[in-house]
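Biologist: Can you walk me through the ligand sites? Keep it short, please.

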Amino acid sequence: MSTTRKHTALPKAQILIEALPWLTRHNGRTVVIKFGGNAMVDEDLKAAFAQDVVFLRHAGLHVVVVHGGGPQISAALDRHGIVSEFKAGLRVTTEDAMDVVRMVLAGQVQRELVGLLNQHGPLAVGLTGEDAHTITATKHRPEIDGELVDIGRVGEITAIDTGAIEALLADGRIPVVSSIARSQDDGHVYNVNADTAAAALAAALGAETLMVLTDVEGLYEDWPNSDEVISRLTASQLEKLLPELSSGMVPKMEGCLHAVRNGVNTARVIDGRVQHSILLEIFTDEGIGTMVVPDEKPHAEPAARPGAQGEPS
Ligand SMILES: Nc1ncnc2c1ncn2[C@@H]1O[C@H](COP(=O)(O)OP(=O)(O)O)[C@@H](O)[C@H]1O
Ligand SMILES: CC(=O)N[C@@H](CCC(=O)OP(=O)(O)O)C(=O)O
């Protein structure tokens, strides 16, 4: 009887053993996970996301969550009768819209994620970039067709203070950060794209990995004409591709480039619609999505997607 039970449990043991090199490698490292508003579409996915994050934390990683909420903000702006449009992939944010952005990100989306994570224990602590000077920004004026455009209260990050996040990590907590920044003089707040905020935090924290969960499989080579996903590209290859990208992929891939150019080992864009995509990406041989790596690595890793006999990524 007990022999049969052991046999049926064997595949589970194999799965755990497959994760061993990854566990060893990632132990004590920092991973910044960006959870996009478009990936937060259903309750089961959100619950699975929370499980994955808590799993990583218990596996010895330092996990920082940065969340988006674009669709949720758009819905709230609609309800308030505030018209919103995007320019250069960023929301044109009036004073009135800013109040709604802050209310939705810090008061709704962040609270929900903190609640889901804390169903597993007293782990998550929510903050915005305003708290403890975590993210400071100045007014962002993107260049569109050669002209600098005013898109309202949208911030360009000028400084990151990692003190509060590091204190939380040292205390075993999971910081959950909303992408709102303070202005230098604390006179007002700015709306920052969540991909940009996640990338800046990953770089400032010296994270090993930036993981961006979104609502597509990864970076499509020829979107929207084909669904061929680019599985791996270097910083230089990505830089060449940037001018061809559109909409939400612009801040996402600019963020990945910023991260790997500033000390982060890998930046990955993965499909948040796939349950447990974080664990699939980090702990198994079946890396999914798109991985961006720095141009030159002093060591051989991660030269390629880990294969059967490859190094863990
Ligand atoms: N080359 C591309 N590959 C994949 N998606 C792309 C590409 N170019 C633009 N997109 C669009 O970017 C979207 C993801 O960005 P976004 O809507 O901001 O998501 P999130 O809320 O996760 O940040 C995709 O759903 C797709 O419509
Ligand atoms: C300036 C800017 O565009 N800010 C974003 C912030 C939220 C966000 O980035 O959410 P996703 O990750 O879900 O797209 C916005 O207002 O929609």
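Biologist: Which residues come nearest to ligand 2?

Modeller: K34, G37, R91, N191 and A194 come nearest, out of 15 residues around ligand 2. A residue counts as near if one of its heavy atoms lies within 4 Å of the molecule. This is a predicted model, where local features need pLDDT of at least 70, side-chain atom pairs count only at pLDDT 80 or more, and totals for chains, interfaces and linings use all residues. Residues are numbered from 1 along each chain as its sequence is written, chains are lettered from A and ligands numbered from 1 in the order written, and side-chain values use heavy atoms, with hydrogens and water left out.

Biologist: What does the side chain of N191 do there?

Modeller: A polar side-chain atom of N191 lies 2.9 Å from an oxygen atom of ligand 2. That is a polar contact, a pair of N or O atoms within 3.5 Å.

Biologist: And which backbone atoms?

Modeller: A backbone N or O atom of A194 is 2.9 Å from an oxygen atom of ligand 2. A polar backbone atom of G70 is 3.0 Å from an oxygen atom of ligand 2. Alone, ligand 2 exposes 430 Å², and the protein buries 92% of that. Those areas use the Shrake-Rupley method with a 1.4 Å probe.

Biologist: Which helix gives the most to the shell around ligand 2?

Modeller: Helix 4, with 3 residues. Helix 4 spans 70-79, and strand 4 (90-91) also supplies at least two residues. Helices (H or I, at least four residues) and strands (E, at least two) are DSSP runs, numbered from the N terminus.

Biologist: What classes of residue make up that shell?

Modeller: The shell around ligand 2 has 6 nonpolar, 7 polar and 2 charged residues. Gly counts as polar here, and Asp, Glu, Lys and Arg as charged.

Biologist: Switching to ligand 1. Which residues come nearest?

Modeller: N38, T214, D215, Y220 and K252, out of 19 residues around ligand 1.

Biologist: Where are its polar contacts?

Modeller: A polar side-chain atom of T214 lies 2.7 Å from an oxygen atom of ligand 1. The side chain of K34 has an N or O atom 3.1 Å from an oxygen atom of ligand 1. A polar backbone atom of Y220 is 2.9 Å from a nitrogen atom of ligand 1. On its own, ligand 1 has 570 Å² of accessible area, and the protein covers 85% of it.

Technical notes. Polar contact = N/O pair within 3.5 Å; in protein donor to acceptor, adjacent residues only side chain to side chain.
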